[in-house]
Amino acid sequence: MSITFPVKQILKFKVPGVLALGLVLGQFLMTGNQSNTIPNCTLKVERPHTSTSLYEKRKINAIKLNLVSECDSPQRFTTLQADIQIIKNDNQITAHDFGSITARSSKKNPSKAYFLDLFLECKSSETALYLGQASGNVYFDNGVTVPVSGSSIKFLPVDCTLGAK
């Protein structure tokens, strides 16, 4: 004698499908989404350069350093320590330390924070070798902090002389 089960009875849920789906989704939200991935961030440090826009707009002959922190998720703000290094008498020294600087994330692109107002007036138009560097932290709304650092990699000549400290 064979036993047969009606197909309708096997596939019929005792709990309504919407409730079962809600329970599974609730469990995933409470336990399955705890990966808390740390965002990946980079700091782009452009080479120090003479600023054409400052000269055209304000008649200031200056050396400028542009920085951009970029992450793979929206950031709140970035705080950096930035400086410009110079080669003087065959020694690398700090030409200027900008101190602690902070930039909020861009409204157009919340994954980026721009530092575009770092400049120093030139004392003369003699050529010197400069390098930009910075390090700091990127802060996120969820309390995560990610360290970033970078440099313009190599010393390049710029027609500007600063008074080194």
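User: In which strand of this predicted model is the place of Val158, and is the residue buried or exposed?
Analyst: Val158 has a relative accessibility of 4%, and the cut-off for a buried residue is under 20%, so Val158 counts as buried. As for its position in this predicted model, Val158 belongs to residues 156–161, which make up strand S9.

User: Which residues does Val158 touch, not counting those up to four places away in sequence, and what separates the C-alpha atoms of Val158 and Tyr130?
Analyst: With residues up to four places away in sequence set aside, Val158 touches Pro48, His49, Thr50, Ile63, Glu126, Thr127, Ala128 and Tyr130. Along the chain Val158 and Tyr130 are 28 residues apart, whereas the separation between their C-alpha atoms is 6.9 Å.

User: Where is His49 placed, and which backbone oxygen does its side chain reach?
Analyst: His49 lies in strand S2, which covers residues 49–50, and beyond its neighbours within four places in sequence His49 is in contact with Ala62, Ile63, Lys64, Asn66 and Val158. At a distance of 3.1 Å, the side chain of His49 reaches the backbone oxygen of Arg47.

User: Is Ser51 buried or exposed, and which backbone nitrogen does its side chain reach?
Analyst: Ser51 is found in the loop between S2 and helix H3 (52–58), and because its relative accessibility is 6%, Ser51 counts as buried. Its contacts outside the four neighbouring places in sequence are Ile60, Ala62 and Lys64, and a polar contact of 3.4 Å joins its side chain to that of Ser53. The side chain of Ser51 also reaches, at 3.1 Å, the backbone nitrogen of Leu54.

User: Over the ring of which residue does the charged end of Lys59 sit, and how many Å is it from the ring centre?
Analyst: For a charge to sit over a ring, NZ of Lys has to be within 6 Å of the ring centre and within 35 degrees of the ring normal. The charged end of Lys59 sits over the ring of Tyr55, and its distance from the centre of that ring is 5.3 Å.

User: Where is Val144 found, and which residues does it touch?
Analyst: Val144 is in the loop between S7 and strand S8 (145–151), and at 25% relative accessibility Val144 counts as partly exposed. Val144 and Thr37 are 107 residues apart in sequence, with a C-alpha to C-alpha distance of 9.8 Å. Apart from residues up to four places away in sequence, Val144 touches Pro39, Val138 and Tyr139.

User: How many helices and strands does the chain have, and what percentage of its residues is buried?
Analyst: The chain has 3 helices and 9 strands, and from the N terminus on its elements follow the order α-α-β-β-α-β-β-β-β-β-β-β. Among contacts between residues at least 6 apart in sequence, 67% join residues at least 24 apart. Of the 165 residues in the chain, the buried ones make up 35%.

Conventions. Residues are numbered from 1 along each chain as its sequence is written. This is a predicted model: local features need pLDDT of at least 70, side-chain atom pairs count only at pLDDT 80 or more; totals for chains, interfaces and linings use all residues. Side-chain values use heavy atoms; hydrogens and water are left out. Helices (H or I, at least four residues) and strands (E, at least two) are DSSP runs, numbered from the N terminus. Buried means under 20% relative accessible area, exposed over 50%, partly exposed in between (1.4 Å probe, protein chains only). Contact means heavy atoms within 4.5 Å. A polar contact is a pair of N or O atoms within 3.5 Å; within protein, one must be able to donate a hydrogen and the other to accept it, and residues adjacent in sequence count only if both atoms are side-chain atoms.
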